[in-house]
Structures are given as structure tokens and as C-alpha cells.
Amino acid sequence: MALGVAAAAGQTAGKVLIFLGARGAIRSTWLQRRLSRRPPTAPEPPGRLGTMLARPKAAGARLVEVMERPRQATGVLLVSAVTGFPPLLAASVYLGRTPMRPVAFAATCLLGRAIRFVAIALAPQLAAY
């Protein structure tokens with residue numbers, strides 16, 4: 001159990017660095033120049049692949065809307081830390097650009113990862129019964 005909590009602490013430390021890096025990278029002049037470039041004016045009509053990906057893209061847009069709200073973003077982060085869906089790395093990068101406080105991010109991530117790793121550590125003992 002202690003090993004699970006230690007692993008959770010290590011994972012959380014890494015995700016907090018990613019979270020803070022995403023937050024600071026938005027202010028870099030190089031990235032600001034890249035983001036200010038204008039996309040091509042005439043978008044192409046969606047092809048067969050674009051049509052197939054329309055539903056997953058819409059689901060992703062709804063998830064992004066949820067992550068924009070601070071209280072709901074905490075829930076999404078907790079689910080991501082426990083289950084891995086949505087990927088915690090992607091959630092960490094995205095939440096770095098939201099107003100979520102780093103302390104709230106770290107606490108939620110640590111709790112979720114600890115639940116995940118302790119459950120994995122206890123799974124063989126529970127399966128034996």
C-alpha cells in the first residue's frame with residue numbers, strides 16, 4: 001500500500017510539472033507567434049474520414065466544455081487520474097490553461113492516482129478470496 005502511495009506521489013509530481021509547463025508555455029513569445037498565424041481561408045469539405053470522426057469530435061468538444069468549468073473539471077481530473085480516461089497527460093496539459101489552482105490540481109491528481117495504484121496493489125489479494 002505504501003508503494004502505491006509513493007508511486008502516486010511520483011506520478012503527481014510529474015503531472016504537476018506538465019501542468020505548470022503548459023501554463024508557462026502559453027506566455028512564450030515563440031508559441032504566441034505560432035498561435036497568431038492565420039489558418040488557410042478556404043477549408044476543405046470533410047471527406048469520408050472526416051465524416052466518420054464527426055461523432056468522436058463532438059464528444060471531445062463536449063468534454064472540453066465540461067473541463068472549462070472549475071468544479072466539473074475537478075471531477076473529470078479525478079476520473080482521469082483513477083481510470084486513465086481521458087488520458088491524464090492530456091488533461092494535465094489542457095487544465096494548465098484553465099484557472100484551476102495548482103494546489104487543487106495536485107491534490108486531486110494525488111488522490112486519484114493513490115486510489116488507482118493502491119487498488120492495483122490490492123487486486124491480487126482480493127482475487128485470491
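**Close-up views of a predicted helical model**

**View 1. The packing of helices H4 and H5.** Helices H4 and H5 pack with their axes 7 Å apart and at an angle of about 120°. Here an axis is a line fitted to C-alpha atoms, for helices over the stretch in contact, and angles run from 0 to 180 degrees between N-to-C directions. H4 and H5 are therefore oblique to each other; angles under 35 degrees count as roughly parallel, over 145 as roughly antiparallel, 65 to 115 as roughly perpendicular and the rest as oblique. In this view, Leu63, Val66 and Met67 of H4 meet Gln72, Ala73 and Val76 of H5, where contact means heavy atoms within 4.5 Å. By class, this contact has 5 nonpolar, 1 polar and no charged residues. Ala, Val, Leu, Ile, Met, Phe, Trp, Tyr, Cys and Pro count as nonpolar, Asp, Glu, Lys and Arg as charged, and the others, Gly among them, as polar. The model is predicted: local features need pLDDT of at least 70 and side-chain atom pairs count only at pLDDT 80 or more, while totals for chains, interfaces and linings use all residues. Residues are numbered from 1 along each chain as its sequence is written, and side-chain values use heavy atoms, with hydrogens and water left out.

**View 2. The salt bridge of Arg97 and Glu68.** The closest N and O atoms of Arg97 and Glu68 are 2.9 Å apart, and the pair forms a salt bridge (a side-chain nitrogen of Lys or Arg within 4 Å of a carboxyl oxygen of Asp or Glu). The pair links distant parts of the chain, 29 residues apart: Arg97 is in the loop between helix H6 (88-95) and helix H7 (102-128), and Glu68 in the loop between helix H4 (54-67) and helix H5 (70-83). Helices (H or I) are DSSP runs of at least four residues, and strands (E) of at least two, numbered from the N terminus. Arg97 is partly exposed, with a relative accessible area of 47%, and Glu68 is partly exposed at 36%.

**View 3. Thr98 in the loop between H6 and H7.** Thr98 lies in this loop and is buried, with a relative accessible area of 7%. Buried means under 20% relative accessible area, exposed over 50%, and partly exposed in between (1.4 Å probe, protein chains only). Leaving aside neighbours within four places in sequence, Thr98 is in contact with Arg23 and Met67.

View 4. Phe85 and Pro86 are joined by a cis peptide bond, with omega about -5°. Pro86 is found in the loop between H5 and H6.
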